[in-house]
Amino acid sequence: MAGPCRGAARALLAALPALLALLLAPARGRGGQGHGDWDAAARLPPLPPREDAARVARFVTHVCDWGALATTSTQQEVLGQPFADVLSLSDGPPGAGSGVPYFYLSPLQQLVGNLQKNPHATLTMSLAQTNFCRKHGFDPQSPLCAHIILAGTVTKVNEAERDVAKRSLFVRHPEMEAWPPGHDWFFAKLNITNIWLLDYFGGPKVVTPEEYYNVTLQ
């Protein structure tokens, strides 16, 4: 028994440097170094004044890098029922957001199958995914932990917009570049028609797309 035990110990020691390198290496994603990670308090921009609803809505879209997209299911078991899934997204490089939520999608995703039948969708993003709400002690469901609901249609971007979508997503989600090409990934966006913002007590505030897109973030 001593021989096998010594062999296993030597194998473990030999693998230890590689394991340590893996644990200490920066993550290949939003939480990694140099990828616009606003989870650090020093880098998260200040929340705009809450009375400026359009600016707060744009702020939430820009600092969030994922959201829950709800579509209408084509799955037989839940046909016609709401179907939500988490998607990585980006409206642009840190500090240069356009307000347009871009996605990197594959036909293999059930959600994409739903969109092919019915492109109407609703996207929710919340500051609960940043350190803002934790820092101030706000529960994710609290109105003070600002979140937005965007309704519209999801469409594939055209060739003229493809480079913008690619840069917006890959700078915030660099591992996307290594995703399997056989999955037929394509760039898409949410064409926003309606916006609701909940950032204080008293119910949601309605923001028009015109107000939303006319904002210039500092």
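## Helix 2 and its surroundings

In this predicted model, the buried residues of helix 2 (residues 53-63) pack against strand 4, strand 5, helix 5 (159-172), strand 6, strand 7 (205-207) and helix 6 (209-213), where contact means heavy atoms within 4.5 Å. Helices (H or I, at least four residues) and strands (E, at least two) are DSSP runs, numbered from the N terminus. Because 10 of the 11 residues of helix 2 are buried, the helix is largely enclosed by the rest of the structure; buried means under 20% relative accessible area, with a 1.4 Å probe and protein chains only. Among these buried residues are Val56, Arg58, Phe59 and His62.

## Helix 3

In helix 3 (residues 110-117), the buried residues are Leu111, Val112, Gly113, Asn114 and Leu115. Their cover includes strand 1 (66-72), strand 2 (82-88), strand 3 (102-105), strand 4 (120-126), strand 5 (147-156) and strand 6 (186-198).

## Cysteines

Cysteine 133 and cysteine 145 form a disulfide, with their sulfur atoms 2.0 Å apart, the cut-off for such a pair being within 2.5 Å. Cysteine 133 lies in helix 4 (residues 132-136) and cysteine 145 in the loop between helix 4 and strand 5, so the pair ties together parts that are 12 residues apart in sequence. The torsion about their S-S bond is about 95 degrees, and the disulfide is therefore right-handed.

Cysteine 64 is buried at 0% relative accessibility, and its sulfur is 9.1 Å from the closest cysteine sulfur, in cysteine 133, which is too far for a bond.

## Basis of the values

Residues are numbered from 1 along each chain as its sequence is written, and side-chain values use heavy atoms, leaving out hydrogens and water. Local features need pLDDT of at least 70 and side-chain atom pairs count only at pLDDT 80 or more, whereas totals for chains, interfaces and linings use all residues.

Key:
Buried means under 20% relative accessible area, exposed over 50%, partly exposed in between (1.4 Å probe, protein chains only).
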